[in-house]
Amino acid sequence: MHGQSFDMTELHRAPPPHPAEIDAHDEAAWRDGLKDGMPTLFGIGAWGLVVGVAMVKSGLTVAQALGMTLLAFAGSAQLAALPLIAAGAPVWVVFCTAIAVNLRFVIFSVLLAPHFQHLPLRKRFLLGYASGDMTSALFLQRYPSEQPQRGKLSYLTGLMYPNWAAWQIGSIAGIFAGSAVPAVWGLGFAGTLAILCILVPLVANRPALVGVLVAGGVAVWGHALPYKLGLLAAVVVGMVSAMAAEELTDKLKGMRRG
Amino acid sequence: MADWEIWLTIAALAVATAATRASFWVVGHHINIPKRVHEVLRYAPACALAAIVAPDLLLDPAGQVHFEYSNLKLVSALVSVVFYLLRRNMLETIIFGMAFFTALRLLHVF
């Protein structure tokens, strides 16, 4: 720094420290991550348990269910895939559905990636792959600025590793518990309830509500279409309706102002 | 589905996770996404989840729509959504919803 001109704004403009230095393990930041993520771990484990039960109840073998939780590691996409697998939908329809459900992660990745652009490609890929909703949301709360900073990587992994472990432990417990529970208990319904809990916060405004109602209606109307195409049609028509509703509300707001 | 088809589907799900979550991590630098694209990214997940749940709640195995009280899944789901809106807690909602659904089923209320 330049002696008397040193102040906070100067600190922000200072060149970033050497990458090796900012990415060194920072025990305090890691513990902060663990601490901030702790209250969510029980919920994550329980949500994993529900998905684990739903997987075996929809007809997957224990080996398939274990493979799915370890490889796919995305609860809502897994739940969305289960009825399609049970109905014998083609693999590409399941894939497109999973992509649609996962598109919210693209927004997270746009926001998270610039924080870690100096890391090697393989590491960036793995960190992105393991960043679920909770990890992304809590990280962005703590570090809104993209400036490289010591402890960021440790904080992220402090959130991520326990989150991954809680999810897998819950999920694996659910797989084994689910295969022991009789089907008449209707435990598969817990998966539907879990989807509703994910869905409700996504309906944050009126255009989203329009989209959700239209998508639900089209899905019911088109349920008998071959290859489960009614589902993909529902997503596309619902999305277009939501965007049209947004345009319309924007226009109405503009007219009221003018 | 045959065993190998299910494994292929599981692999496809893994690709769907990696392709969405790691997308811009692989690109690396800061990107401003256009408004239209942002709208698609924001509304698609809600629409996809609604499209999954709606047939499950409204249709019987024969494909008939049931909009009445005797549809226990629909009644339980609507009550659970209200519960979630009040409590904002997924775990409590699942436990409440399952208890409610089981009670309706066993007590033959409707």
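1. Start with helix H11 of chain A. The cover over the buried residues of H11(A) includes helix H10 (188–202) and helix H12 (229–257) of chain A, together with helix H3 (35–58) of chain B. Buried means under 20% relative accessible area, with exposed over 50% and partly exposed in between (1.4 Å probe, protein chains only). Cover here rests on contact, meaning heavy atoms within 4.5 Å. Helices (H or I, at least four residues) are DSSP runs, numbered from the N terminus.

2. Some ground rules. This is a predicted model, where local features need pLDDT of at least 70, side-chain atom pairs count only at pLDDT 80 or more, and totals for chains, interfaces and linings use all residues. Residues are numbered from 1 along each chain as its sequence is written, chains are lettered from A and ligands numbered from 1 in the order in which they are written, and side-chain values use heavy atoms, with hydrogens and water left out.

3. Which residues of H11(A) are buried? They are Pro207(A), Ala208(A), Gly211(A), Val212(A), Ala215(A), Gly216(A), Val218(A), Ala219(A) and Val220(A). At 1.5 Å a residue, the 16 residues of H11(A) (206–221) should span 22 Å, and the end C-alpha atoms are 23 Å apart, which agrees. The expected span is 1.5 Å times one less than the number of residues.

4. Now helix H4 (62–72) of chain A. Its buried residues are Gln64(A), Ala65(A), Gly67(A), Met68(A), Thr69(A) and Ala72(A). Their cover includes helix H3 (27–57), helix H5 (75–86), helix H7 (121–129) and H9 of chain A, together with helix H1 (3–21) of chain B. After H4(A) comes Phe73(A), with a positive phi near 45°.

5. Next, a pair within chain A. The axes of H8(A) (133–142) and H9(A) (152–180) come within 9 Å and cross at roughly 150°. H8(A) and H9(A) are therefore roughly antiparallel (over 145 degrees; under 35 is roughly parallel, 65 to 115 roughly perpendicular, the rest oblique). Their contact residues divide into seven nonpolar, two polar and two charged. Among them are Leu138(A) and Phe139(A) of H8(A), and Tyr155(A) and Leu159(A) of H9(A).

6. Finally, a pair between chains. The axes of H10(A) and helix H5 (90–107) of chain B come within 9 Å and cross at roughly 140°. H10(A) and H5(B) are therefore oblique to each other. Residues including Phe189(A) and Leu193(A) in H10(A) meet residues including Met90(B) and Phe101(B) in H5(B). This contact of H10(A) with H5(B) divides into 10 nonpolar, two polar and no charged residues. Nonpolar covers Ala, Val, Leu, Ile, Met, Phe, Trp, Tyr, Cys and Pro; charged covers Asp, Glu, Lys and Arg; the others, Gly among them, are polar.

Key
Axes are lines fitted to C-alpha atoms, for helices over the stretch in contact, and angles run from 0 to 180 degrees between N-to-C directions. Helices (H or I, at least four residues) and strands (E, at least two) are DSSP runs, numbered from the N terminus.
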